[in-house]
Amino acid sequence: MAATTRPFRNTIDRLDKPSAYYTARNKRRNRDEEDAQPEAPQVDPLANATTLYVGNLSFYTTEEQVYALFSKCGEIKRLIMGLDRFTKTPCGFCFVEYYTHQDALDCMKYVGGTKLDERIIRTDLDPGFEEGRQYGRGKSGGQVRDEYREDYDEGRGGVGRAIQDERMRDYDEEGRYVR
């Protein structure tokens with residue numbers, strides 16, 4: 001009886017595939033450059049990426065806590081906490097840079113999806129930290145995803161700032177309801 005070989009099929013996604021952020025950014029850029037000449041295929045910037053974007057952190061998570069958890073996967077080159085653009089306080093994300101690509105992949109594999117400060121953290125490969133990216137891009141200085149959050153989340157500062165501002169319009173300076 002001859003054994004037949006079945007084609008090998010992966011059941012999980014690659015860890016070092018381009019992030020949704022990177023893919024969406026390039027789609028926008030390609031739409032803007034429709035008139036441009038066809039160019040050679042782009043080199044994947046995440047193929048040797050050593051930086052991780054870490055999201056969904058509590059606003060109260062310290063740099064020391066992040067360092068202690070992420071140093072279990074490899075030696076950390078540097079750690080950059082995400083800050084509110086205006087108040088310069090932590091706003092729930094950070095960048096962790098390792099010395100090797102393999103350490104970054106191991107960290108995504110073993111640390112991504114675990115809990116830190118009672119929150120499930122998200123990890124994504126990042127093409128590399130650039131100055132200015134440590135600040136939130138939301139209108140109020142924090143992260144965009146925190147602007148319109150309707151649920152109450154103590155670890156991320158309560159309700160979304162845009163919702164909170166909208167609710168405060170119904171009150172005068174002394175805190176009395178005016179509508």
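E75 touches Y98, Y99 and D103, not counting residues up to four places away in sequence, where contact means heavy atoms within 4.5 Å. The model is predicted, so local features need pLDDT of at least 70 and side-chain atom pairs count only at pLDDT 80 or more, while totals for chains, interfaces and linings use all residues. Residues are numbered from 1 along each chain as its sequence is written, and side-chain values use heavy atoms, with hydrogens and water left out.

E75 sits in the loop between helix 2 (63-70) and strand 2 (76-83); helices (H or I, at least four residues) and strands (E, at least two) are DSSP runs, numbered from the N terminus. With 55% relative accessibility, E75 counts as exposed, the classes being buried under 20% relative accessible area, exposed over 50% and partly exposed in between (1.4 Å probe, protein chains only).

Strand 1 (residues 51-55) is largely enclosed by the rest of the structure, because four of its five residues are buried. Strand 1 pairs with strand 3 (residues 90-98) in the antiparallel sense over four bridges, pairing requiring at least two DSSP bridges between the strands, and Y53 stands opposite F95 there. Five bridges join strand 1 to strand 6 (residues 122-126), again antiparallel, with R122 as the bridge partner of G55.

The structure holds four aromatic pairs, counted when ring centres of Phe, Tyr and Trp (its six-membered ring) lie within 6.5 Å, with planes under 30 degrees apart stacked, over 60 edge-to-face and the rest tilted. Among them, Y53 and F93 are stacked, at 5.8 Å centre to centre and 25° between the planes.
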